[in-house]
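Subject: the structure to look at

Hi,

Here is the structure I promised to pass on to you.

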Amino acid sequence: MFVPFLIMLREGLEAALIVSLIASYLKRTQRGRWMGAMWAGVLLAAALCLALGIAINETTGEFPQKEQELFEGIIAVIAVVILSWMVFWMRKVSRNVKAQLEQAVDTALARKGSHGWALIIMVFFAVAREGLESVFFLLAAFQQDVGIWPPIGAMLGLASAVVLGFLLYWGGIRLNLAAFFKWTSLFILFVAAGLAAGAIRAFHEAGLWNHFQAIAFDLSDVLTTHSLTGTLLEGIFGYQETPSVSEVCVWLLYLVPALVLFALPARPGSLPSRAAP
């Protein structure tokens with residue numbers, strides 16, 4: 001429950017920040033009449049992500065066992081790639097995202113005869129990117145942690161992000177967003193490492209990977225997955241009490257370079273020239 005909550009809180013807050021920055025810019029530049037077009041883009045993006053998530057979730061249950069395991073492994077790999085990209089992309093562009101969004105709004109509204117549609121499309125793609133990232137992660141998370149609590153956690157995280165977004169827009173609260181994204185990014189890298197190990201395990205169960213399957217170590221007497229702590233670690237980080245050598249290797253091969261890159265100073269993203277409003 002906690003991982004879907006945190007991911008949806010982070011992704012939802014990113015989307016909420018994008019929407020609030022666009023809304024504030026429209027209001028500040030006396031173009032509030034385009035608020036409806038902005039919200040149309042948001043709703044279309046949300047509808048697309050919801051429809052895609054439901055469609056994938058409904059069709060995967062019809063797969064045979066091996067195909068199901070293969071699909072789970074592929075979804076886990078996609079989730080690892082998306083989570084990693086999300087972490088390092090945010091570090092790179094966080095300083096310039098406000099100016100880039102404002103330039104995109106100016107460009108959209110500078111087009112003659114299609115102001116509304118241009119803004120709708122711009123907002124749609126900005127929000128859909130965050131939503132599609134969430135869809136693939138949640139599919140992987142729901143396969144790793146079954147039951148009703150992960151979806152509840154995801155909905156609570158999204159609801160919290162929406163509330164925080166409105167409060168930030170109205171000026172009701174101030175968050176240290178740099179610290180928030182820094183620590184959640186570090187947490188997400190450990191989650192992604194667990195998903196990577198889970199992917200290689202799924203590929204083994206699908207019959208695609210049969211190398212290095214000896215048990216690396218056995219912690220069942222120390223921290224079993226049947227205990228409360230073990231269950232929480234399994235649901236959050238993909239912990240296994242008897243992992244295979246390949247799972248441990250994949251976990252380390254992903255996490256160590258990722259942490260090294262994360263510790264290095266971030267290179268700021270390039271800032272394109274501003275278009276005239």
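Phe237 is partly exposed, as its relative accessible area is 27%; buried means under 20%, exposed over 50% and partly exposed in between, using a 1.4 Å probe and protein chains only. Before going on, note that this is a predicted model, where local features need pLDDT of at least 70 and side-chain atom pairs count only at pLDDT 80 or more, while totals for chains, interfaces and linings use all residues. Residues are numbered from 1 along each chain as its sequence is written, and side-chain values use heavy atoms, with hydrogens and water left out.

Back to the rings. Phe190 is also partly exposed, at 29% relative accessibility. The ring centres of Phe190 and Phe237 are 6.4 Å apart and the planes are at 75 degrees, so this pair is edge-to-face. (Rings of Phe, Tyr and Trp, the last by its six-membered ring, pair if their centres lie within 6.5 Å; planes under 30 degrees apart are stacked, over 60 edge-to-face, and the rest tilted.) Phe190 sits in helix α7 and Phe237 in helix α8, 47 residues apart. Helices here are DSSP runs of H or I with at least four residues, strands are runs of E with at least two, and both are numbered from the N terminus. Ring pairs join Phe187, Phe190 and Phe237 into a cluster.

The count of aromatic pairs comes to four. One of them is Phe124 with Phe125, edge-to-face at 5.3 Å centre to centre and 75 degrees between the planes. Phe124 is buried at 18%, whereas Phe125 is exposed at 55%.

Now for helix α8 itself, residues 228-237: Gly230, Gly235 and Ile236 are buried there. After α8 comes Gly238, with a positive phi near 70 degrees.

What about the inside? In soluble globular proteins, nonpolar side chains tend to be buried together. A nonpolar core is a set of buried Ala, Val, Leu, Ile, Met, Phe, Trp, Tyr and Cys residues joined through side-chain atoms within 4.5 Å. The largest one here has 35 residues, and Val3, Leu83, Phe137, Leu189, Leu195 and Tyr254 have the most contacts inside it. Elements giving two or more residues to this core include α1 (2-28), α5 (115-144) and α9 (245-263). A second, separate core has 23 residues, among them Ile18, Met38, Val105 and Phe124. Leaving out residues up to four places away in sequence, Val3 touches Phe137, Phe187, Val191, Gly235 and Ile236, where contact means heavy atoms within 4.5 Å.

How many salt bridges does the structure hold? There are four, each a side-chain nitrogen of Lys or Arg within 4 Å of a carboxyl oxygen of Asp or Glu. Arg28 and Glu102 meet in one of them, at 2.9 Å from N to O. Arg28 is in helix α1 and Glu102 in helix α4 (residues 97-109), so they tie together parts 74 residues apart in sequence. Arg28 is partly exposed at 48%, but Glu102 is buried at 7%.

Asp106 and Arg31 form another, at 2.8 Å from N to O. Asp106 belongs to helix α4 and Arg31 to the loop between α1 and α2, so this pair ties together parts 75 residues apart in sequence. Asp106 is buried at 1%, and Arg31 is buried at 11%.

Arg201 and Glu247 make a salt bridge too, at 2.7 Å from N to O. This one links helix α7 to helix α9, 46 residues apart, and both Arg201 and Glu247 are buried.

Cheers
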